[in-house]
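Student: Can we go through this structure together, one feature at a time? I'd like to ask things as they come up.

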Amino acid sequence: QVELVESGGGLVQPGGSLRLSCAASGSIFSINRMGWYRRTPGKQRELVAIITGGGNRIYADSLKGRFTISRDNAKNTVNLQMNSLKPEDTAVYYCNVAAKATGASVFHDYWGQGTQVTVSS
C-alpha cells in the first residue's frame, strides 16, 4: 500500500507564494508520474501540473510561469512552488502519484487527502 501525505497549504495574500510538498511512503516498488490537481467548490478536479518519471513537466496553460513542479526521487517527494498567487488559485490541492506497490504487477493511482490553499487579503 502507498500513502501520500501533503503539507504546505495555508492562507496567503494575493501576490504571495506557497510551497506544497507531498511525500509517498509505504511498500513502494516504483513511482512513475507524480502531480498535483486542485478542486474548488462546484467545480471538477483539474490538473495543476505533473512530472513524469523522466522529468518531463506538464502544466495547466493558465498556470505556466507561476507554478513550478519538482520531484526528489530519492525521497519519493513531489513539490509545487506557487508564486504570484491569485484569489482564483484558492482550492483544495491534491497530490497524485502513479506507483507500483511491492508485489504488484501494475501501477495504480494514489491520492493524498488534500491541502487547503486560500489566497485572500
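Student: What does Arg45 lie over?

Tutor: In this predicted model, Arg45 lies over the face of Tyr94, at 5.5 Å from the ring centre, and Arg45 also lies over the face of Trp111, at 3.8 Å from the ring centre. A charge counts as sitting over a ring if NZ of Lys or CZ of Arg is within 6 Å of the ring centre and within 35 degrees of the ring normal.

Student: Before I go on, which residues count at which pLDDT, and how are residues numbered?

Tutor: Because this is a predicted model, local features need pLDDT of at least 70 and side-chain atom pairs count only at pLDDT 80 or more, while totals for chains, interfaces and linings use all residues. Residues are numbered from 1 along each chain as its sequence is written, and side-chain values use heavy atoms, with hydrogens and water left out.

Student: Back to Trp111, then: is it buried, exposed or partly exposed?

Tutor: Trp111 counts as partly exposed, at 34% relative accessibility. Buried means under 20% relative accessible area, exposed means over 50%, and partly exposed is in between, with a 1.4 Å probe and protein chains only.

Student: How many aromatic pairs does the structure hold?

Tutor: The structure holds one aromatic pair. The ring centres of Tyr37 and Trp111 are 5.2 Å apart and the planes are at 65 degrees, so the pair is edge-to-face. Rings of Phe, Tyr and Trp (its six-membered ring) pair if their centres lie within 6.5 Å, and planes under 30 degrees apart count as stacked, over 60 as edge-to-face and the rest as tilted.

Student: And where do Tyr37 and Trp111 lie?

Tutor: Tyr37 lies in strand β4 and Trp111 in strand β10, so the pair ties together parts that are 74 residues apart in sequence. Strands here are DSSP runs (E, at least two residues), as are helices (H or I, at least four), and they are numbered from the N terminus.

Student: New topic: how many salt bridges does a search of the whole structure find?

Tutor: The search finds five salt bridges, where a salt bridge is a side-chain nitrogen of Lys or Arg within 4 Å of a carboxyl oxygen of Asp or Glu. One of them joins Arg33 and Asp109, with the closest N and O atoms 2.4 Å apart. That pair links distant parts of the chain, since Arg33 is in strand β4 and Asp109 in strand β10 (residues 108-111), 76 residues apart.

Student: Are those two buried or exposed, or something in between?

Tutor: Arg33 is partly exposed, with a relative accessible area of 25%, and Asp109 counts as partly exposed too, at 46% relative accessibility.

Student: Which residues are linked in a network of salt bridges?

Tutor: The network links Arg38, Glu46, Arg66 and Asp89. Within it, the side chains of Glu46 and Arg38 meet at 2.7 Å, N to O, and Asp89 forms a salt bridge with Arg38, the closest N and O atoms being 3.0 Å apart. Asp89 lies in the loop between β8 (77-82) and β9 (91-101) and Arg38 in strand β4, so this second pair ties together parts that are 51 residues apart in sequence.

Student: Buried or exposed, what's the story for Asp89 and Arg38?

Tutor: Both Asp89 and Arg38 are buried, and for Arg38 the relative accessible area is 7%. Glu46, by contrast, is partly exposed, with a relative accessible area of 38%.

Student: What about the largest nonpolar core, which members touch the most others?

Tutor: Of its 32 residues, Trp36, Leu80, Met82 and Tyr93 touch the most other members, and the largest share, six residues, comes from β9. A nonpolar core is a set of buried Ala, Val, Leu, Ile, Met, Phe, Trp, Tyr and Cys residues joined through side-chain atoms within 4.5 Å.

Student: Last one: which phi does Asn76 have, and where is it found?

Tutor: Asn76 has a positive phi of about 55 degrees although it is not a glycine, and Asn76 is found in the loop between β7 and β8. Ser84 has a positive phi of about 50 degrees, again without being a glycine, and Ser84 lies in the loop between β8 and β9.
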